[in-house]
Amino acid sequence: MSRASLPSPVHKIRKKVIRRVLGEFARGVDVRASFEGQLNRFFVLLDQALSSGDPAWLDSIIYDWVNSATQTDLEEGHKNASLLITALFTATSETARDTLAKGEALDLILTVQPYFTYALDKAARLELENRLTYFTNEIANVRQQLERLDRSKSNFISVAAHELKTPLTLIEGYTAMLGDVISAAGTDAHVHTLLRGIRIGSERLQQIVDDMIDISLIDNNMLSLNLQPLWIGYILELLRKNLLETVESRHLTLEIREFLGSKTRLYGDPERLYQAFYNVLTNAIKYTPDGGSIVIDGRSLPGFVEVTITDTGIGISPEDQELIFEKFGRLGRADLHSSSKLKFKGGGPGLGLSITRGIIEAHGGTIWVESEGYDEVRCPGSTFHILLPLRNEAVDSRLVKLFQEPDPTNQETDVQKETQTDSPSS
Ligand code: ADP
C-alpha cells in the first residue's frame with residue numbers, strides 16, 4: 001500500500017467521526033466511555049498504518065473486536081466487527097465530504113479506503129472462522145451428549161435384561177414343576193392349555209430378554225465369537241428344517257439354491273450366524289403375505305461369500321433401509337407387537353436386525369437391504385445381502401489341524417473343491 005503524506009488528514013476529522021459512530025452504536029454512559037476509547041485506539045492504529053503503509057497495524061484491534069463477540073452473536077451470526085468497520089468507513093467518508101474541501105475529501109477517502117477494505121476483509125474472515133469453530137464445537141458437544149444418552153440407554157437395557165432374567169427363571173422353573181404335578185394328578189385338558197399359554201409367554205419373554213442382553217453385548221463391543229469351521233449351506237439347510245412348519249402354515253414357498261460359496265468352508269461362530277440368518281429369514285416370513293415366496297441364493301466373491309435372502313413381501317421404503325438396522329428400529333404399528341412372532345406383520349421389539357448386523361460385523365462382514373419401497377398392495381419385496389469374509393485361519397490351532405485342507409499339490413478347481421472336499425457332509 002502506498003504511504004500517505006504526513007500528518008494524516010484523518011486527524012482533522014477524527015473527533016467528528018468518533019462522535020457520529022458513538023451516536024449510532026453506543027447507548028449508556030459506561031459503554032460509551034469504553035467504546036470511545038476503542039475508537040480512539042483504532043484511529044491511532046490507522047494513523048500508524050497510513051504512515052508506515054502497512055495495514056497490519058490494524059490487526060490487534062480487529063482481533064479484539066472479533067473476539068469480543070458473545071455466544072448469542074455467534075449463534076445468530078452477528079457480524080459486529082465487520083459492521084463497525086463499515087460504519088467507521090461510512091462515517092469517515094461522510095464527515096470528510098461535510099467538513100473538508102472537495103479535493104482534500106476525495107484524497108482522504110481514496111487514501112484510507114484500502115486500509116478499511118483490508119480491515120473489513122480480515123474481520124469478515126475471522127468472524128467466519130470463529131463461527132465455524134463455534135459450530136464445530138457445538139456439533140462435538142451434541143455428539144458427546146448423544147453418545148452419553150446412547151450409553152445410558154444401553155446400560156438401561158443391560159440392567160433391565162439382567163433384572164428380568166432372575167424372576168423369569170423362577171417362573172419357568174415353577175411352571176415346569178406345576179406341569180409335572182398336573183400331569184401326575186391327571187388334571188383336565190383345559191388346565192394343560194392354560195399351562196401351555198404360560199410356557200409360550202415365558203419363552204417369548206426369555207427370547208426378548210436374550211435379545212436385550214445380545215444388544216448390550218454388541219453395544220459394548222463384548223460379543224465374543226466362538227470361531228469354528230462352517231459351511232453356510234449347512235446353516236441354511238438347518239434353518240429350512242426348523243422353519244418348515246411355519247413356512248407351510250403360512251403357505252409360503254422357501255427355496256434355498258445351491259450357489260458357489262455355499263459349500264466353501266469358512267470360519268465363524270455357527271450359533272451366532274444361525275441366529276443372524278434366522279432373524280433375516282423369519283423377517284422375510286413375517287413381512288411376506290401368505291402365498292408369497294422366499295429365495296435364498298448367493299455367490300462367491302474374491303475373499304467373501306455373499307448370501308441374498310429375497311422375499312415377495314411388503315418391502316421397505318428407501319428412507320427406512322438404514323433405520324431398520326438400528327436398535328428399536330422397527331417400522332409400523334406398535335399395536336402389532338405382542339402378536340405371534342411369525343404371523344404376517346407380527347412385529348417384535350425391533351432388535352432382531354440390530355443384533356444381526358452386530359453379529360455379521362463382528363465376523364468382519366456387512367449386511368444391507370435393497371427394496372423398491374414399501375407397498376402392502378403391490379408387494380415389491382426386499383432383498384437382504386449378507387457378505388461374510390472367507391477367513392483362512394481358525395483361532396484354535398488344533399481346529400486347523402482337524403480341518404486341514406487336502407493335499408495342496410492336488411490341483412482342483414474351486415468348484416470341484418467345493419463339491420468334493422468342503423461339503424459339510426464330507
Ligand atoms: P422386528 O422385531 O420389528 O421384526 P427387526 O429388527 O427384525 O425388528 O426389523 C426391524 C423392522 O424392519 C421391522 O419392524 C420391519 O418393519 C422391517 N423389516 C425387516 N425385515 C423386513 C422384510 N423382509 N420386509 C419388510 N420389512 C422388513
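This is a predicted model: local features need pLDDT of at least 70, side-chain atom pairs count only at pLDDT 80 or more; totals for chains, interfaces and linings use all residues.
Residues are numbered from 1 along each chain as its sequence is written, and side-chain values use heavy atoms, with hydrogens and water left out.

**Around T356.** I placed T356 in helix α10, residues 352-362; helices (H or I, at least four residues) and strands (E, at least two) are DSSP runs numbered from the N terminus. Leaving aside neighbours within four places in sequence, I found T356 in contact with A276, N279, V280 and I367, contact meaning heavy atoms within 4.5 Å.

**Whole protein.** I recorded 12 helices and seven strands, and buried residues make up 40% of the 426 residues. Among contacts with a separation of 6 or more, 76% come from residues 24 or more positions apart.

**Aromatic rings.** I found seven aromatic pairs in the structure, where rings of Phe, Tyr and Trp (its six-membered ring) pair if their centres lie within 6.5 Å, and planes under 30 degrees apart count as stacked, over 60 as edge-to-face and the rest as tilted. Because F89 lies in helix α5 (residues 80-99) and F116 in helix α6, the pair ties together parts that are 27 residues apart in sequence. F89 is partly exposed at 23% relative accessibility, whereas F116 is buried at 4%. I then turned to Y134 and F135, an edge-to-face pair with 5.2 Å centre to centre and 75° between the planes; Y134 is buried at 10% relative accessible area, and F135 is partly exposed at 34%. One aromatic cluster is formed by F42, F43, W65, F89 and F116.

**Surface.** The protein exposes about 24000 Å², of which carbon and sulfur atoms supply 55%; accessible areas come from the Shrake-Rupley method with a 1.4 Å probe, and for residues only the protein chains shown count as cover. I also looked up L149, which lies in helix α6, residues 102-185, and counts as exposed at 54% relative accessibility.

Definitions and conventions. Buried means under 20% relative accessible area, exposed over 50%, partly exposed in between (1.4 Å probe, protein chains only).
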